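Biologist: I'd like to learn how to read a protein model, one feature at a time. Can you walk me through this one?

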Amino acid sequence: MKPLSIRLKLTAWYIAVLLASLSIFSVAAFFAMKKGIEKSVDENLEGQASGIKELMGRVLNEEPTRLRDELREHAELREQADFSQVCDEGGQWIYRSRLMASHNVPVPATANYSAYNLEAGDLPLRVLVREINAGGDRYRIQVAAPMDDFYDALDRFKWVVLLLSPLVLVLASGGGYWLNRRALAPVDQITRAAQDINSNNLANRLHVPQSGDELQRLSQTLNSMLERLEASFNRITQFTADASHELRTPLALMRTTTEVSLRTSQTVADYREAQQEVLAELEKTSSLVEKLMLLARADAGVETLQRTPLNLAECLRDACKDGKILADSKQLTFTEAIESSELFVEGDSHALHRLFLILIDNAVKYTPTGRSITVGLMRSDNSALAEFRDTGIGISANDLPNIFERFYRADRARSREFGGVGLGLSIARWVAEAHRGSIEVQSTPGTGSVFTVRLPLLQG
Ligand SMILES: Nc1ncnc2c1ncn2[C@@H]1O[C@H](COP(=O)(O)OP(=O)(O)OP(=O)(O)O)[C@@H](O)[C@H]1O
Ligand SMILES: [Mg+2]
């Protein structure tokens with residue numbers, strides 16, 4: 001079965017609620033009217049019974065023999081049809097009006113209740129019974145009122161409600177459906193616009209109605225989601241384009257070297273030289289491919305870290321050993337300033353070693369021969385701070401915000417000459433953040449740079 005649209009569902013709910021309210025209202029109104037009528041009839045009957053009681057008290061005191069006549073005369077004085085009767089304790093009639101007799105209204109067995117409904121033949125009656133003491137004897141007075149007119153009016157009310165309700169329901173449902181349609185029309189618009197968006201037109205945005213309601217918020221939310229999607233889509237496209245470009249250069253170089261060598265090499269030494277060039281390019285290319293794979297796996301969330309409690313000082317000293325070899329090859333003074341010998345963090349030793357080496361490698365690469373590099377480690381509150389200070393070329397303020405971007409190199413030509421592709425710092429930042437840490441940089445062009453890695457210390 002096809003699921004109902006929100007429009008139809010809302011209308012169905014609306015009809016159900018309306019039907020329930022209409023039924024409750026009609027039933028309540030019917031009974032309230034019936035009760036109201038009976039109450040005012042009872043008050044009237046109460047008045048009549050009091051009149052008879054008063055009369056009987058007086059007559060029984062003054063002239064008991066005239067009781068029947070007085071009661072008849074009293075009844076005749078009243079204009080309405082007389083529905084009254086009085087009997088003594090033994091059930092003997094003292095007075096019984098013609099109408100009471102013709103409708104055969106019985107004396108109730110008990111006089112506990114004062115007013116009740118009675119079906120006398122086909123005439124509905126409201127009867128009030130009252131027990132009195134007069135002249136030393138007990139009497140039962142009964143007065144009644146025909147209810148047929150009232151019940152006819154109630155009946156008419158019932159039919160009006162029953163006949164009008166379907167009409168009200170039809171009108172209200174039609175109106176409800178129309179209102180729902182109007183209110184939900186922008187949702188259809190948003191749906192159609194969203195259906196048209198694909199990877200080729202991710203820059204398109206949905207129309208935002210300035211209604212200040214949920215629909216405005218929905219379109220704004222979808223638009224900001226599109227913005228984020230567009231940004232990551234562009235990043236991925238850019239990453240793929242940059243990666244292909246970076247791979248093309250060494251491949252072209254290897255191809256040319258091999259071709260030239262095949263055409264021109266005469267001696268084994270010539271071939272060897274060509275092979276060494278190709279090998280160097282191959283090493284660079286595999287390192288590039290390895291970096292690309294790492295970043296791709298990190299993006300996909302499949303590159304997991306094996307984090308265990310480890311001594312950061314030891315890990316950094318380890319990286320410094322490799323760093324020293326790099327520094328020595330460039331005749332740089334390498335100083336290790338690891339203050340504390342025990343700073344425990346929860347980390348992946350392999351990934352952290354890689355992070356430190358990326359920063360030492362940069363410091364070595366971008367510092368001219370003969371100058372110095374210092375690697376330090378200290379504690380600051382609940383964090384460990386690893387600092388990589390160089391006295392190299394520095395980074396300009398323009399480049400500073402971008403150096404952690406993938407493939408970003410401040411000076412492309414120079415960086416490539418150093419063998420860099422611009423992925424080191426992206427990997428470094430990923431490792432730091434995967435350890436719930438951060439990485440910051442301060443730099444003065446011509447004087448040097450300081451990279452600081454902050455990692456949360458293991459508590460307790
Ligand atoms: N210590 C530093 N001194 C000066 N410039 C630096 C330093 N570290 C990084 N940079 C600049 O930031 C850029 C990005 O660094 P990153 O380590 O990401 O790439 P790379 O060193 O060029 O290549 P690789 O992927 O091989 O590390 C570098 O190209 C360089 O311009
Ligand atoms: Mg680097």
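Predicted model: local features only at pLDDT ≥ 70, side-chain atom pairs only at ≥ 80, totals over all residues.

Biologist: Okay, sheets. In what order do the strands S1 to S5 sit in their sheet?

Modeller: The general idea: strands of a sheet pair through backbone hydrogen bonds, either parallel or antiparallel. Helices (H or I, at least four residues) and strands (E, at least two) are DSSP runs, numbered from the N terminus, and two strands pair if DSSP finds at least two bridges between them. Here, five strands make an open, antiparallel sheet, in the order S2-S1-S5-S4-S3. Strand S2 (93-96) and strand S3 (115-120) are the edges, each pairing on one side only. From one strand to the next, the twist averages 25°; for such angles, axes are lines fitted to C-alpha atoms, for helices over the stretch in contact, and angles run from 0 to 180 degrees between N-to-C directions.

Biologist: How many bridges join S4 to S5?

Modeller: Ten, and strand S4 (residues 123-134) runs antiparallel to S5. To see one, find Arg 126: its bridge partner in S5 is Ala 145.

Biologist: And which strands does helix H1 touch?

Modeller: Contact means heavy atoms within 4.5 Å. Helix H1 (residues 6-62) packs on this sheet, touching strand S1 (84-88), S3, S4 and S5, and its direction makes about 35° with that of S4. Helix H2 (residues 67-77) lies across S1 and S2, at about 20° to S2.

Biologist: Let's zoom in on a residue. Is Gln 142 buried or exposed?

Modeller: Buried means under 20% relative accessible area, exposed over 50%, and partly exposed in between (1.4 Å probe, protein chains only). Gln 142, in strand S5 (residues 137-146), has a relative accessible area of 1%, so it counts as buried. Its side chain makes a polar contact with the side chain of Tyr 116, at 3.2 Å. A polar contact is a pair of N or O atoms within 3.5 Å; within protein, one must be able to donate a hydrogen and the other to accept it, and residues adjacent in sequence count only if both atoms are side-chain atoms.

Biologist: What about the other sheet, with S7 in it?

Modeller: That one is also open and has five strands, but the pairing is mixed, with the order S7-S9-S10-S12-S11. Its edges are strand S7 (333-338) and strand S11 (438-444). Strand S10 (residues 383-390) and strand S12 (residues 448-456) pair in the antiparallel sense over seven bridges, and Phe 388 has Phe 451 in S12 as its bridge partner. Helix H7 (residues 312-329) packs on this sheet, and its direction makes about 175° with that of S7. Helix H8 (residues 349-365) packs on the sheet too, at about 25° to S10.

Biologist: How many aromatic pairs does the structure hold?

Modeller: Three. Rings of Phe, Tyr and Trp (its six-membered ring) pair if their centres lie within 6.5 Å; planes under 30 degrees apart count as stacked, over 60 as edge-to-face and the rest as tilted. Phe 30 and Phe 31 have ring centres 5.4 Å apart and planes at 85°, so that pair is edge-to-face. Phe 356 and Phe 388 have centres 5.8 Å apart and planes at 35°, so this pair is tilted. Phe 356 is in helix H8 and Phe 388 in strand S10, so the pair ties together parts 32 residues apart in sequence. Both Phe 356 and Phe 388 are buried.

Notes. Residues numbered from 1 in each chain as written. Chains lettered and ligands numbered in written order. Heavy atoms only, no water.
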